[in-house]
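The sequence and structure are shown first.

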Amino acid sequence: MLKEKYTIEQDGFVGYWHPSDGHEDRAIIVFPGSGADYELTRNGSAFLGKAGWNRLLVAFAGWDGLPEDPVLAPVEYAENAIAALKDAGFDKIGVYGISAGAKYAITAASLLPGISLVIAASPFDYTTEAFKGTKALNESTFSFRGEPLPYDPTVTLHRNILNVLFRTAFSKKYGTRRMLRGCYDENVQTEKARIKVENMHADFLMQCPGYDDCWPSDEAVPRMEKILKEAGYPYRYKATVYEKGSHLLCGDLSGSPDYLKSMKRILQAEYVDQEACNKAREDSMKEALDFLEGWE
């Protein structure tokens with residue numbers, strides 16, 4: 001029997017169990033995006049539950065005493081959640097995440113063979129430096145087996161951050177609603193920090209907007225697709241670009257009007273045409289459910 005709530009102290013991970021009827025032998029671990037609390041994550045992934053998919057919401061930062069931003073966040077959180085599901089009799093385990101949750105999902109799947117399906121919305125395929133606020137911490141965001149995963153420094157945080165933000169906010173290319181993207185575009189990507197998606201043993205659906213205002217998922221998704229093709233990846237995979245979508249894909253935000261309103265102030269795509277972003281979210285959720293139906 002699975003518990004309603006899991007804790008670091010007792011179980012080695014923070015998690016909340018949401019069972020559904022329809023796919024008794026399968027479960028999906030849901031990882032929250034950056035800054036997404038339990039309620040937003042639960043509601044945003046509820047479309048999976050409505051379609052009969054069991055969900056275990058697992059945090060790697062921000063919830064129940066975990067650091068607000070991931071600092072050496074253990075991949076073992078996912079591993080311990082998988083063990084709990086296996087012990088409860090679930091044969092097939094998938095992972096799903098948006099944004100930072102998508103990055104944690106592909107990281108876990110690249111290291112843990114017990115994951116057989118991945119849905120990653122707006123993922124980034126390089127491990128980056130941990131930070132607190134605007135302070136670089138000289139540490140990796142993730143760790144595994146007690147060791148930090150190789151990471152690329154967040155270049156802008158090692159400079160005068162006020163000058164960087166001022167320059168980015170007033171640039172024609174970025175502006176105030178693309179400042180995060182401007183910062184990520186400064187990073188120098190190295191092979192050692194690349195998340196080795198070709199090592200996964202999972203069906204893989206990856207989605208991104210035509211241009212991502214937060215980080216370069218629009219570059220990561222085609223790059224990962226190319227890597228899988230060249231590697232002769234033996235599992236099912238699909239890469240989809242939602243040209244008029246935003247960073248926020250594959251999540252149901254229809255019940256979170258205040259959050260959507262706040263995103264218009266932060267993301268250029270949401271500001272320019274939130275209806276088109278809503279349509280992309282609907283289409284990407286449908287695609288995820290269709291992809292799940294092919295999970296064997």
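Glu287 touches Leu205, Gln207, Lys238, Thr240 and Tyr242, not counting residues up to four places away in sequence; contact here means heavy atoms within 4.5 Å. This is a predicted model, in which local features need pLDDT of at least 70 and side-chain atom pairs count only at pLDDT 80 or more, while totals for chains, interfaces and linings use all residues. Residues are numbered from 1 along each chain as its sequence is written, and side-chain values use heavy atoms, with hydrogens and water left out.

Glu287 lies in helix α11 (residues 274-293). Helices (H or I, at least four residues) and strands (E, at least two) are DSSP runs, numbered from the N terminus. Glu287 counts as buried because its relative accessibility is 9%; buried means under 20% relative accessible area, exposed over 50%, and partly exposed in between (1.4 Å probe, protein chains only).

**The sheet**

Eight strands form an open sheet in the order β1-β2-β4-β3-β6-β7-β12-β13, with mixed pairing. β1 and β13 (237-242) stand at the edges with a single partner strand each, so one side of each is left without a neighbour in the sheet. Two strands are taken to pair if DSSP finds at least two bridges between them. The table gives three of these pairings.

| Strands | Sense | Bridges | Residue pair |
|---|---|---|---|
| β1 (residues 5-6) and β2 | antiparallel | two bridges | Tyr6 and Gly15 |
| β12 (residues 203-209) and β13 | parallel | six bridges | Gln207 and Thr240 |

Helix α5 (residues 100-111) packs on the sheet, touching β3 (26-31), β6 (92-98), β7 and β12, and its direction makes about 145° with that of β6. α11 also packs on the sheet, touching β3, β7, β12 and β13, with its direction at about 175° to that of β12. Axes are lines fitted to C-alpha atoms, for helices over the stretch in contact, and angles run from 0 to 180 degrees between N-to-C directions.

Strand β2 (residues 14-18) is mostly covered, five of its five residues being buried. Val14, Tyr16 and His18 point one way from β2, whereas Gly15 and Trp17 point the other way.

**Positive phi in loops**

Leu72, which is not a glycine, has a positive phi of about 50°. Leu72 is located in the loop between β4 (54-59) and β5 (73-74) and is partly exposed at 27% relative accessibility. Ser122, also not a glycine, has a positive phi of about 55°. The loop between β7 (117-121) and β8 (129-132) holds Ser122, which is buried with a relative accessible area of 0%.
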